[in-house]
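User: Hi, could you walk me through this one slowly? I'm still new to reading structures.
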Amino acid sequence: MKYKSQKIAYQFFLLAMLLFVLQIIYGFIMGFAHMGYDVLHDFIPFNTAVTTHKNLLVVWILAGFMGSAYYIIPDESGQELWSVPLAKLQFWSFAIVGVVAVAGFHVGWWEGRKFLEIPRPLDYLVAGNVILFLVIILMTLLKGKQTTTSWVLTMGLVFAALLYLPGMIYFDNIAVDSFFRWWVVHLWVEGVWELIMGGILAYLLIKLTGVDREVIEKWLYVVVGLTFISGILGTGHHYYYTGGPSYWLMIGGIFSALEPLAFLAMTIFAIQMYRKGNKKHPNKLALYWTLSTAIVSFLGAGLLGLAHTLPGVNLYTHGTLVTAMHGHLAFWGAYASLILAIISYSMPLMTGRNIFDNRIGHLAFWCSNIGMIAMTAAFAAAGVAQVYLERIAGYDFMTTAIEIQPHFFVLIVAATLFTTGIVLFIINFFKFGKPTDEALQTEEAFEALKTV
Ligand code: HEM
Ligand code: HEM
Ligand SMILES: [Fe+2]
């Protein structure tokens with residue numbers, strides 16, 4: 001860590017880890033409910049659980065992005081953050097709004113729009129908070145050295161904030177509302193969040209592989225180009241049978257089928273940089289997480305996205321557990337693993353404790369990744385069976401739900417392995433302790449340590 005103010009990232013990472021644990025607990029509640037043991041139904045019915053699970057996911061990933069920006073932007077621009085007190089205020093207001101929103105879901109304070117359930121009054125607080133965050137980041141960036149990496153990351157964050165706005169407009173027509181809901185949900189995960197991902201991956205690869213910044217940043221342009229060419233019109237894969245014009249079948253099908261290219265470019269980019277690099281950096285775990293982000297995101301988002309993106313397939317799979325199959329591996333590979341990568345990279349630097357290549361960390365990496373791939377397989381089996389039974393054989397929804405219960409036993413077993421990995425990751429996180437100014441050092445000094 002070069003600047004004292006980078007330490008603020010720790011609070012965001014800590015919040016992210018706590019909310020991640022809560023998210024997993026709600027995952028188990030639903031897994032058991034699907035198995036037929038909906039024992040908490042009177043207190044936390046399924047719709048509350050699923051909403052809480054997904055929103056906790058979004059809130060902890062956003063906390064992770066914010067922490068990453070607070071860590072990366074001072075380093076890239078070569079100076080302290082513009083205002084640490086304001087960054088602290090932003091942290092606390094973000095945490096309070098997030099927790100109030102999630103608590104509200106349990107007393108029916110929500111909107112029934114998948115992923116955008118947070119009620120409108122709270123949306124204004126979210127917007128204010130994000131504006132404060134962006135002001136701090138932009139002021140730091142504009143005052144200092146400007147790099148492609150920091151601009152791609154910052155533009156990703158700015159666009160993500162702007163794209164939250166279409167979800168705040170009130171429509172009394174549910175089809176129109178749904179049309180604009182996708183501007184947020186789709187254009188986030190398959191558009192501007194990919195810029196945030198590209199920026200953070202580029203930063204990590206520059207630090208971990210020792211490859212020249214110019215080479216890495218050239219790739220970044222390729223990734224950004226492919227993302228926009230495919231992702232914007234790719235939104236059409238959500239407009240197939242929603243009451244809109246039929247040209248979306250063609251546009252959505254073609255452009256969304258191109259979307260995996262951006263993820264493939266990211267995979268090739270990371271692997272090439274790893275192969276070119278000097279492989280001397282002592283923090284092997286951060287490199288593992290960086291590479292797994294690039295590879296698993298291609299599997300989960302690219303390949304499993306492609307699996308149901310063509311209109312002829314989506315007609316049958318829409319809104320089934322096939323979507324959940326893809327949603328889990330895509331979110332895990334692209335965004336959750338990315339946050340775990342930057343945490344693994346920055347914790348030794350913020351705390352000065354060099355526990356970056358230990359057994360627990362490696363075990364955490366393998367258990368969580370294998371566990372999530374197994375969970376994806378369980379969702380896939382359940383999803384395909386559901387599609388056949390419900391949409392081809394014509395069984396009703398609840399009869400099908402009972403038929404596919406055994407797959408959720410497999411899901412719970414896989415989720416237990418996954419959770420073991422995450423618990424180990426968090427144990428390591430706490431072992432680092434808190435960040436300290438004594439850890440101030442240059443990257444070179446850190447590399448010279450090379451002690452395990
Ligand atoms: C122990 C771990 C977990 C379990 C048991 C679990 C279980 C579930 C279940 C049962 C659903 C509802 C499926 C349905 O009926 O529609 C769900 C939804 C979802 N979960 Fe998880 N989950 C876990 C962890 C995660 C993680 C780590 C992520 C992200 C990285 C995640 C992302 C999602 C998403 C995006 C949805 C919504 C899927 C859709 O749109 O259909 N979950 N989860
Ligand atoms: C990291 C990137 C991605 C993430 C995190 C992600 C996550 C998700 C989630 C959570 C949903 C459910 C949304 C909802 O119902 O509100 C979804 C739906 C969908 N995704 Fe992705 N996705 C990603 C990339 C992709 C890509 C690249 C493709 C295509 C190649 C794709 C194809 C689809 C399709 C077709 C649906 C609609 C499923 C349905 O009709 O039920 N996704 N995605
Ligand atoms: Fe999409």
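Ligand surroundings and a helix pair

Analyst: Happy to, and please keep in mind that this is a predicted model.

User: ok, what about ligand 1, how many residues surround that?

Analyst: Ligand 1 is surrounded by 21 residues, and the closest of them are Gly27, Met30, Gly327, Phe331 and Ala415. At least two residues of this shell come from each of helix H1 (8-35), helix H2 (46-77), H12 and helix H15 (405-431), and H12 gives the most, with seven residues.

User: How does the shell around ligand 1 divide into nonpolar, polar and charged?

Analyst: The shell around ligand 1 has twelve nonpolar residues and eight polar ones, together with one charged residue.

User: Switching topic: at what angle do H6 and H7 pack?

Analyst: H6 and helix H7 (residues 213-234) pack at an angle of about 165°, and their axes are 9 Å apart. Angles over 145 degrees count as roughly antiparallel, so H6 is roughly antiparallel to H7. The crossing of these two helices, H6 and H7, is right-handed.

User: Which residues in H6 and H7 meet there?

Analyst: On the H6 side they include Glu190, Leu195, Ala202 and Ile206, and on the H7 side they include Arg213, Leu220, Val224 and Gly234. The residues of the contact of H6 with H7 comprise nine nonpolar, five polar and four charged ones.

User: Last one, where is Phe171, and is it buried or exposed?

Analyst: Phe171 lies in the loop between helix H5 (148-162) and H6. Phe171 counts as exposed because there are 12 C-beta neighbours inside 10 Å, and a residue is called exposed at 12 or fewer.

User: So what does Phe171 touch?

Analyst: Leaving aside residues up to four places away in sequence, Phe171 touches Val176 and Asp177. As for Gly236, Phe171 is 65 residues apart from Gly236 in sequence, and the two are 20 Å apart in space, C-alpha to C-alpha.

Notes
Residues numbered from 1 in each chain as written. Chains lettered and ligands numbered in written order. Predicted model: local features only at pLDDT ≥ 70, side-chain atom pairs only at ≥ 80, totals over all residues. Axes fitted to C-alpha atoms, helices over the stretch in contact; angles between N-to-C directions. Helix = DSSP H or I, 4+ residues; strand = E, 2+ residues; numbered from the N terminus. Parallel < 35°, antiparallel > 145°, perpendicular 65-115°, else oblique. Left-handed = near helix turned anticlockwise from the far one by under 90°. Contact = placed C-beta atoms within 7 Å. Nonpolar A, V, L, I, M, F, W, Y, C, P; charged D, E, K, R; others polar. Buried ≥ 20, exposed ≤ 12 C-beta atoms within 10 Å, placed from the backbone. Near = placed C-beta within 6 Å.
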